[in-house]
Amino acid sequence: MAADKQNDVKVSLMEENKENLPDGGLGLEILQIIKESQQQHGLRHGDYQRYRGHCSRRLRRLRKTLGFKMGNRHKFVGKKVTVEMLSDNRYLLLVLMEAERAWSYAMQLKQEANTEPRKRFHLLARLRKAAKHSEKLEKLCDSPRVDAKTKLEAQAYTAYLTGMVEFELQEWKQAMEAFNKCKTIYEKLASAFTEDLAVLYRQRVDEISPNIRYCAYNIGDQNAINDLMQMRLTGGGGGMMAEKLEALITQARTKQAATMSEVEWRGRTVPVKIDKARVFLLGLADNEAAIAQAANEETKEHLYETLLAECRDTIQAVKEELKTEAKQRERSSDGDTGKVSNLQYLHSYLTYIKLCTLVKRNESMAHTLQAKLKEPEADENKRGPRPQDLIRLYDIILQSLAELSTLQGLEDDHTFQKEVSLKTLVYKAYRCFFIAQSYVLVKKWSEALVLYERVLKYAKEVQSKAKSLSNSLKDLPDVQELIAEVNAEKYSLQAAAILDTDEIVEVPQQLVKDNTPLCDHLETFRFDPTLVGKQPSLVQFPPDFQPIPCKPLFFDLALNHVAFPPLDDKVEQKGKGGLTGYIKGIFGFGS
């Protein structure tokens, strides 16, 4: 906030000092001042509250420097700027800032009135206040002290704010007259002054033109709707006009929807009884044509989002009807449960439109990112698009195609299922291609090469299946271009891998001096210059002693526990021999 205040002081001093015209009288670049202030203080982002604060602070500074105070702290004394006071152009700037403050407050209330309708009354009061201040500025500029250019700008500014008031009150004729007066003045000014100022005046004319055409349509000019639709394609009619233009288009379609009773899709005719579905289906062709004719990617993205939002609302309305139909089926016992009902088939058709629109939108975004990916990076510090961003988009596309194959009522439609599977193969090939490119960025050559081969496999499979489904390839990316690009990337990848391998071999040449013999590191390469010298360290000699197990010792510990057989019978036999046997035994006669 402090920085904003400092900027306010610097900008206001420069602007207030540059507006004095000594030869032709007092001058004030009204449109230039308000446009610069709006762009620098919040309106670039639609922040009207910030711009209102800037106008209040600027008014306070102007009153202080001019000595034009409204009383003191204790008492308010109102003052008005009169013609006699016009010795300095800052008196004109004072009235201009009062009008801008009231206008910015009105625009802030307009944003809040979407959720709080009562604020619309306050909005109208502030717009009238802004128009009143602009009329006061115009009267002051009628003085002979003010130059002719400032007088014209004041008249155009008053006409613009008057037109805004009448536009909000839906007084179309008065609003159109005021806007036409404003447009005529700015066109004359653009043709009379330098190119820099002329650009500014033409921008204001472009802002007013949608309002004039909208007023003409409401008065009864049916040709104005074509002009409004064309302005929608080019991204015109922003701000206040955007919501009114969408409401106008919906209103026109609602009138035509009364004649629409059924829709045909994939050989089956379905009655359309829901008004919201009629309006959506009636405007579907116009929306698709508008997207095809969009002037830039930003406008195309906005139209896609609008179409998807309308489609979601229509699907929700059909879901509510499906719930009611399900309850009625539960009550009636003789319902045909085998065939998909007309309402369920209509729901499948609307879901098909939504998913196809999602696929087209993401494909459009992918084409834009691919074009940016091929461009050289202008700013190295700024993050540019990467292959990972495209992978995410193709993931969403494949998810939408997977949902398409599960739509109720189309399970037995083999042609539809083949078309979906063919599209899936195409987008899988592109997704695989960008995954390979992401691996190339991190120098994973083998993984990238395998993925490129898989891309070629998908592409050849698409070409083999496309012979029977040639009509399905009209809206799909060209697979032949992808094959040519993959072949080129493969050669580049192989060359990069060889160069990267050479670098790896050359870099780790570090001398090793640990005297480890060659036999101990046969599986690892080391750059050791002693191996080619006179005393190479091949093996360690004499070799170190190695421990070996000794011969085991056996101890007969079981001897003490052995029970010997009894020898009593043998001892008794020896005893029976007597002395003769004993003598024979001594001399060996009996052995």
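Predicted model: local features only at pLDDT ≥ 70, side-chain atom pairs only at ≥ 80, totals over all residues.

Biologist: How many salt bridges does the count come to?

Modeller: The count comes to 16 salt bridges. One of the pairs is R120 with E168, where the closest N and O atoms are 2.8 Å apart.

Biologist: Which helices do R120 and E168 lie in?

Modeller: R120 lies in helix α5, residues 119-141, and E168 lies in helix α6, residues 148-168. The pair therefore ties together parts that are 48 residues apart in sequence.

Biologist: And E168, buried or exposed?

Modeller: E168 is buried, because its relative accessible area is 2%, under the 20% cut-off.

Biologist: What about K465, which residue does it form a salt bridge with?

Modeller: K465 forms a salt bridge with E461, and their closest N and O atoms are 3.6 Å apart. Both residues are in helix α16, residues 445-465, and they are 4 residues apart, so about one helical turn separates them.

Biologist: Why do residues three or four places apart point the same way in an α-helix?

Modeller: Because an α-helix has 3.6 residues a turn.

Biologist: Which residue does E195 form a salt bridge with?

Modeller: The partner of E195 is R202, with 3.3 Å between the closest N and O atoms. R202 is partly exposed, its relative accessible area being 40%.

Biologist: Which residues are linked in a network of salt bridges?

Modeller: A network of salt bridges links K35, R204 and E207.

Biologist: Changing topic. Which residues form the positive surface patch?

Modeller: K319, K323, K327 and R331 form a positive surface patch. K319 sits in helix α12, residues 297-331. With 38% relative accessibility, K319 counts as partly exposed, and patch residues need over 30%.

Biologist: Now helix α15. How many residues does it have, and what should they span?

Modeller: Helix α15, residues 414-441, has 28 residues, which at 1.5 Å a residue should span 40 Å. The end C-alpha atoms are 41 Å apart, so the model agrees with that expectation.

Biologist: What comes just after α15?

Modeller: K443 does, and it takes a positive phi of about 65°.

Key:
Residues numbered from 1 in each chain as written. Heavy atoms only, no water. Patch = residues over 30% accessible without salt bridge, like charges linked within 9 Å, V, L, I, M, F, W, Y side chains within 5 Å. Areas by Shrake-Rupley, 256 points an atom, 1.4 Å probe, with all protein chains shown as cover. Salt bridge = Lys/Arg side-chain N within 4 Å of Asp/Glu carboxyl O. Lys, Arg positive; Asp, Glu negative; His and termini not counted. Charge placed at Lys NZ, Arg CZ, Asp CG, Glu CD. Helix = DSSP H or I, 4+ residues; strand = E, 2+ residues; numbered from the N terminus. Buried < 20%, exposed > 50% of the residue type's maximum accessible area, 1.4 Å probe, protein only. Expected span 1.5 Å × (residues − 1).
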